[in-house]
Amino acid sequence: MEDIKVYIESGILELYVLGNVTPEERAQVEAMAQKHPSIKAELDEIERSLELYAGENAVEPSKDMRNRVLNSLVVNLGDDRTFKSARTATDEENNVIPILRARSNNIFKYAFAACFALLIISIAGLFSVYNKLQESNNLVASLQSQNQQFTNQVNLMDRELGVFRDPSFKMLKLQGTSKSPSSALMVAWSPARKKVMIDMANASMPANDKDHQYQLWAMVGGKPVDLGVFDADTTSKGMKEMKSIASADAFAVTLEQRGGSLTPTMDQMMMIGKF
Amino acid sequence: MSKKRKISLSEEELVLALQRRENIAAEALYDMYSASLFGVIVRIVNDETLAEDILQDTFVKIWNSFSSYSTEKGRLFTWMVNIARNLAIDKIRSKDFKNQTKNQELENNVTFIDEQRNTVYKPELLGVKDLVEQLKPEQKSILNLVYFKGYTHVEAADELGVPLGTIKTRLRTAIAQLRKYFN
């Protein structure tokens with residue numbers, strides 16, 4: 001008991017609390033404290049009084065230090081290394097991971113399904129829109145061609161009408177020859193405009209076969225001049241413009257090889273008309 | 001920062017919470033001990049900015065190596081203040097710090113800083129005047145050298161020009177005086 005008192009009086013306990021001892025002395029003090037409750041109590045008293053003394057001499061750090069320090073601890077909270085000593089891998093951790101995984105898997109599954117459904121709907125939508133577009137394009141094309149037809153027809157009729165309006169046109173009716181007595185064809189000719197038209201709508205002549213074509217001739221000073229070939233069938237209508245000529249005494253139509261001849265085949269003369 | 005009420009726990013509660021690494025433990029730890037630890041650190045390094053860095057390092061070290069503390073070794077504050085004091089002493093003995101304070105002899109500042117501190121902080125500290133009167137000047141200087149300046153008792157003996165045994169005795173009587181005062 002006397003030894004303990006001497007030990008306490010030596011001042012080693014104060015130095016121990018102040019961290020002012022060698023590792024050997026430290027181990028010794030700790031061993032003594034475990035063995036003797038009175039030393040432990042003495043140590044506790046010294047610690048308590050120095051702690052209070054520090055409290056009396058406390059200096060408040062600046063206000064923003066609190067956040068700074070706590071943030072640096074929170075950052076360290078997220079650091080895996082700080083957990084190693086304090087926490088061991090428990091069942092708790094093993095359970096948490098699969099639950100999180102299952103949940104995130106589900107989210108991806110639903111997201112994928114939603115995306116896939118959207119894709120299907122989009123493709124269907126595109127397909128129907130494409131069909132409608134195609135339909136519209138066809139309609140536009142047919143309308144355009146119809147429009148073209150009308151334009152052509154209007155142009156043609158305009159020209160036909162022009163023939164009748166224009167006083168320079170002379171009308172000549174070609175009469176059928178002995179070869180084809182019933183044939184008849186109206187020719188309109190404007191010497192001023194050098195224009196020759198034939199009226200297919202009111203023509204009455206036998207239809208030509210596919211090897212032959214009718215050829216129109218103008219007689220200029222007794223010589224035949226080619227004015228072009230034409231077909232006659234039941235569907236031909238409207239007026240047809242032939243090659244131009246400035247002067248003519250007479251017009252005649254012969255039946256020639258398809259494509260026409262350089263000189264008329266006189267024995268195939270179908271119609272003739274003179275001024 | 002909102003003005004939060006400072007958190008305070010009993011030492012047992014705090015130690016348990018720290019062992020469980022609860023966020024509230026970090027806050028309580030700071031609120032309960034930052035000023036006491038800062039008082040020690042700032043007296044050792046004599047530089048407020050540097051002391052703040054060391055205070056932060058101290059809390060990080062306390063937090064990260066808390067598993068090495070056990071209640072059997074003694075009070076929590078004793079363990080923490082030794083961490084703070086060692087970090088501060090390491091700093092002032094480092095090359096950086098010596099270069100920084102080339103012309104300042106640490107010894108010359110010892111009394112000056114404390115006088116400055118006392119005039120600045122005295123009004124906030126209840127009972128300090130009584131306490132100062134309780135301690136004899138030689139008790140106060142040895143306590144301050146060792147506790148607040150980080151001197152070893154050997155360095156303190158050198159500084160004060162007294163034998164090592166006298167240092168130990170003075171330290172013991174100074175602490176005994178504190179015990180009497182706080183009881």
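## Chains and burial

Of the 275 residues in chain A, 22% count as buried. A residue is buried if 20 or more other C-beta atoms lie within 10 Å of its own, exposed if 12 or fewer, and partly exposed in between, with C-beta atoms placed from the backbone. This is a predicted model, in which local features need pLDDT of at least 70 and side-chain atom pairs count only at pLDDT 80 or more, while totals for chains, interfaces and linings use all residues. Residues are numbered from 1 along each chain as its sequence is written, and chains are lettered from A and ligands numbered from 1 in the order in which they are written.

Chain A has 7 helices and 8 strands. Helices (H or I, at least four residues) and strands (E, at least two) are DSSP runs, numbered from the N terminus. In chain A, 60% of the contacts with a separation of 6 or more join residues 24 or more positions apart. Two residues are in contact if their C-beta atoms, placed from the backbone, lie within 7 Å.

Chain B has 10 helices and 0 strands. Its 183 residues are 34% buried. Among contacts in chain B with a separation of 6 or more, 57% are between residues 24 or more positions apart.

Two packed helices are described by the angle between their axes and the distance between the axes. Axes are lines fitted to C-alpha atoms, for helices over the stretch in contact, and angles run from 0 to 180 degrees between N-to-C directions.

| Helix pair | Angle | Axis distance |
|---|---|---|
| α2(B) and α4(B) | about 30° | 9 Å |
| α8(B) and α10(B) | about 100° | 9 Å |
| α8(B) and α9(B) | about 135° | 10 Å |

Angles under 35 degrees count as roughly parallel, over 145 as roughly antiparallel, 65 to 115 as roughly perpendicular and the rest as oblique.

Take α2(B) and α4(B), whose axes pack at about 30°. That angle makes α2(B) roughly parallel to α4(B). Their crossing is right-handed. A crossing is left-handed if the near helix is turned anticlockwise from the far one by less than a right angle, and right-handed if clockwise. On the α2(B) side, residues including Tyr33(B), Leu37(B) and Ile41(B) meet residues of α4(B), among them Phe77(B), Met80(B) and Ile92(B). The contact of α2(B) with α4(B) holds 13 nonpolar, no polar and 2 charged residues. Ala, Val, Leu, Ile, Met, Phe, Trp, Tyr, Cys and Pro count as nonpolar, Asp, Glu, Lys and Arg as charged, and the others, Gly among them, as polar.

Next come α8(B) and α10(B), packed at about 100°. At that angle α8(B) is roughly perpendicular to α10(B). Glu138(B), Gln139(B), Ile142(B), Leu143(B) and Val146(B) of α8(B) meet residues of α10(B), including Ile167(B) and Leu171(B).

By contrast, α8(B) and α9(B) are oblique to each other. They make a right-handed crossing. From α8(B), Ser141(B), Ile142(B), Leu145(B) and Val146(B) meet His153(B), Ala156(B), Glu159(B) and Leu160(B) in α9(B). The contact divides into 5 nonpolar, 2 polar and 1 charged.

## Cores

In soluble globular proteins, nonpolar side chains tend to be buried together. A nonpolar core is a set of buried Ala, Val, Leu, Ile, Met, Phe, Trp, Tyr and Cys residues joined through C-beta atoms within 7 Å.

Which residues touch the most other members of the largest nonpolar core? They are Leu29(B), Leu37(B), Ile41(B) and Val146(B), in a core of 62 residues. The most is given to this core by α2(B), with 13 residues. Beyond its neighbours within four places in sequence, Leu29(B) is in contact with Leu14(B), Leu18(B) and Ile62(B). A second, separate core has 24 residues, including Leu185(A), Trp189(A), Met197(A) and Leu227(A).

## Two loop residues with positive phi

Arg21(B) sits in the loop between α1 (11-19) and α2 of chain B. Its phi is near 55°, a positive value in a residue other than glycine. Arg21(B) is partly exposed, with 18 other C-beta atoms within 10 Å. Asn46(B) is in the loop between α2 and α3 of chain B. Asn46(B) also is not a glycine and has a positive phi of about 60°. Asn46(B) counts as buried, with 20 C-beta neighbours inside 10 Å.

## Chain contact

Across the interface, 45 residues of chain B are in contact with 41 residues of chain A. On the chain B side, α2(B) gives the most, with 10 residues. That side divides into 24 nonpolar, 13 polar and 8 charged residues.
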